[in-house]
Structure formats: C-alpha cells, structure tokens
Amino acid sequence: MGAAILAALCGLLMSTLPYLCWYAVAHSGIWIADADEIQYTIIASHAYYWHPVYLSDPTFVHGGPSVYSWLQLVPAELICKALNLQPIRLGLVFRIFGGLAIGFGWFAVIWQHVRRRWAALLAAIFVITDSGWLITRPFVHQGIILLNVLLSRSGEIFAHNPSIHRDWRIISPVIVLPFLLFYLWALRRSMDEPSGKKLVCSGLAFGLLFFAYFYYWTAAGLALLLGIVVDRPRWRTYFHTGWIGFLIGTPELARMLFAHHGQGSGWMQRFDEFLPIPRLSEHGLFFLSAALVVVTFFIVWRFFRQLLYLWCLCAAGFIAIHEQIFSGLQMENYHWAYLFCPCMILLLVLLTIDVLERIGERGRLAGRIL
C-alpha cells in the first residue's frame with residue numbers, strides 16, 4: 001500500500017508542478033496551460049452558474065447539447081461549486097484528482113503484471129515523470145529538452161504553451177487516462193482468472209470508456225474484435241467484455257447522436273470532425289509506430305502471449321490514428337494517440353521487465369551450475 005501511495009503522490013506532484021512553479025515566480029495560484037483549457041473552463045463555468053448538474057453549449061444563445069461528455073467536466077465543476085471555488089480553479093481541481101488517479105493507476109496496472117511492489121513503483125515513476133512516452137520517445141525526448149535547457153536553447157520550449165509534459169494536458173489525457181488505466185487493470189484481471197464477476201467488471205470498465213472519451217471506446221472496441229481473432233483461447237473474455245460494455249455505453253451513444261443532431265452541421269467544422277481529407281495525408285510518425293506494432297507482435301506472440309490483449313490495444317490505436325486511409329475523413333486522429341501511446345509504453349515496460357527477469361533467472365541458474 002505504501003508503494004501505491006508514493007506513486008499517487010508522484011502523480012500529484014507532476015500534475016500540479018506548473019502551479020507550484022508559477023506561484024514561486026508570479027505569486028499567483030492561477031495558471032492556465034493553453035487555449036483548450038480556457039475553452040473547457042468556459043463550458044464548465046456556464047454549467048457552474050446556470051445548471052451545475054449538466055452541460056450545454058455556451059456558443060448558442062439558448063444553450064444546446066454539448067459535444068463534451070458529462071463525465072469529463074461536471075464532477076470537477078461540482079467540486080468547485082461545493083467548495084465555493086470559482087471556475088477559474090477548475091484546472092487545479094482537474095490536476096489534483098487526475099494526478100492522484102494516474103499515479104495510482106500506473107502503479108496498479110504494472111504491479112498486476114510484476115507482482116513486486118518496488119519494481120512496479122520504479123516503473124510507474126518512470127512513466128509518470130518521463131516527458132517522451134506520449135510521443136513514444138521515452139528517455140530521448142526528455143534528454144533533448146534537458147540538453148537544450150543546459151545549453152540555454154530553451155526559448156522555443158517555453159515561448160508559447162509549455163510543451164515539455166504534454167502528457168499532463170487537460171482534458172486529455174489527465175481527466176480520461178484514469179479510465180483507460182482502470183480498463184487495462186480490469187481486462188487483465190478477467191484475462192488471468194475469468195469469472196462472472198470479473199467479466200462484469202471488465203465490461204463495466206469498457207462501458208465507462210464510452211462516457212469518458214470517444215477515442216478510447218472506439219479503439220478499445222476495435223481491440224476487442226482483434227483479440228477475438230488473434231487471441232483465440234481467450235475470445236470469450238473479449239466477447240463478453242464487449243457486449244457488456246456496449247450495453248452500458250448505449251446511453252452515451254444516444255446522447256452523442258442527439259448532440260450531433262442538435263448542433264447542426266457547423267460544429268463539425270469547428271472541431272475538425274468528419275472533414276474529407278486525402279487518404280494518404282496526416283500520417284505523423286507512421287513508420288516508427290508501424291515498426292513498434294510489428295516488432296512487438298512477434299515478441300509477444302513468441303514469448304509473452306499473456307500480453308496479447310495489450311498488443312491488440314496498441315494495434316487498434318495505430319489503425320485508428322490512420323483511419324483516414326480507409327474513411328478519407330479527418331476526425332482529429334491524433335487524439336487516438338492518447339490510447340496508442342500509453343498502451344505501447346506499458347507494453348514496452350512490461351516486456352523490458354520480463355526480459356530482465358529471464359536474464360536474471362538464467363544468470364542465477366548458470367551460477368548454480370558453475
């Protein structure tokens with residue numbers, strides 16, 4: 001329990017560090033990361049003053065259904081309301097609870113595989129503090145930033161919106177990542193020891209993804225389909241998790257369709273959603289991501305098949321990021337990286353731990369023989 005608390009506190013420190021730094025420099029407890037955070041604050045403020053228990057779109061004179069999920073904004077807004085905090089404090093509330101949940105969540109999913117508290121804590125601290133995992137460049141990105149700071153070349157890094165730790169961005173991934181980590185924990189639990197209660201738990205976790213983040217449940221649903229095909233011995237776990245979660249997520253699907261109808265066609269242009277684009281455009285780090293997916297598949301298939309469920313999530317995230325190849329539509333595809341990157345970095349961390357364990361076991365065996 002002590003290691004889990006330390007991981008949660010590490011997450012809290014990382015999530016609130018900008019506030020601490022800003023207070024030390026400007027003696028102000030108010031810090032806004034970027035324009036997106038202002039947008040979320042405006043929407044939550046509208047609810048705060050007029051209808052605290054639900055969201056509406058403040059761009060319309062008479063309101064209207066919001067494209068954002070209730071789960072993303074309302075709980076933090078209600079906390080601000082209950083504590084008599086002004087909506088400008090919303091970001092701090094987000095980061096306090098998000099940091100604690102993310103720190104604990106990373107520890108939980110890693111410990112579930114490792115089963116050694118301090119090894120899980122060290123791995124969790126690495127993921128929590130590294131600034132490159134969100135772009136699948138652990139160590140490298142952080143090293144480059146450190147070198148630029150030491151060489152006094154940090155102007156571009158701090159000139160506009162701070163871009164060192166985008167993994168602590170609001171809403172995604174700070175608010176939604178805990179739900180993904182809970183899903184990873186619940187799914188692995190049902191994979192290891194399938195039972196009715198554990199399947200219901202993994203189905204519930206999948207259902208919560210519908211309410212948490214569109215980009216999570218779409219990729220996770222595709223991963224369940226991949227799992228049925230690739231991981232045949234455990235196809236029932238994927239199947240039951242899928243239909244239970246879909247049933248739970250149906251109300252949110254209905255709300256999204258209602259919001260789509262109520263907003264009219266203009267909202268899609270405002271949010272860069274469902275816009276026709278060339279099928280071979282906007283690929284980003286296609287070859288690096290593709291290489292990671294292919295290489296890890298062969299390693300997992302050959303040596304660590306208990307991690308196939310995690311590889312399926314990585315593969316589904318990669319496919320979703322590049323879905324314009326099939327659909328020809330822009331849906332802000334980079335948001336699927338908020339699933340691909342956490343799952344890929346978790347897979348790489350777990351594979352590294354497993355490889356080190358095997359090397360250690362062989363070394364101990366050789367020592368006994370000699």
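A salt bridge here is a side-chain nitrogen of Lys or Arg within 4 Å of a carboxyl oxygen of Asp or Glu. Keep in mind that this is a predicted model. By that rule there are six salt bridges in total.

Start with Arg-255 and Glu-252, whose side chains form a salt bridge at 2.9 Å, N to O. Both sit in helix α11 (residues 235-263), three residues apart, about one turn of the helix. Buried or exposed: what is Glu-252? Glu-252 is buried, at 4% relative accessibility, while Arg-255 is partly exposed at 24%.

Next, pick Asp-231 and Arg-234: another salt bridge, 2.8 Å from N to O, with both residues buried. Then go to Lys-198 and Glu-193, which pair at 2.7 Å, N to O. Lys-198 counts as buried because its relative accessibility is 16%, below the 20% cut-off.

Now select α3, residues 70-82. Its 13 residues reach 17 Å from first C-alpha to last, close to the 18 Å expected. After the helix comes Asn-84, with a positive phi near 60°. Colour the buried residues of α3, among them Leu-73, Val-74 and Cys-80; their cover includes α2, α4 and α9.

Last stop: Leu-177, in helix α8 (residues 177-192). What is its relative accessible area? The value is 0%, so Leu-177 is buried. Show its contacts beyond four places in sequence: Ile-102, Trp-106, Trp-133, Tyr-216 and Pro-342. Leu-177 and Trp-106 are 71 residues apart along the chain, with C-alpha atoms separated by 9.7 Å.

Note on methods:
Residues numbered from 1 in each chain as written. Predicted model: local features only at pLDDT ≥ 70, side-chain atom pairs only at ≥ 80, totals over all residues. Heavy atoms only, no water. Helix = DSSP H or I, 4+ residues; strand = E, 2+ residues; numbered from the N terminus. Expected span 1.5 Å × (residues − 1). Buried < 20%, exposed > 50% of the residue type's maximum accessible area, 1.4 Å probe, protein only. Contact = heavy atoms within 4.5 Å.
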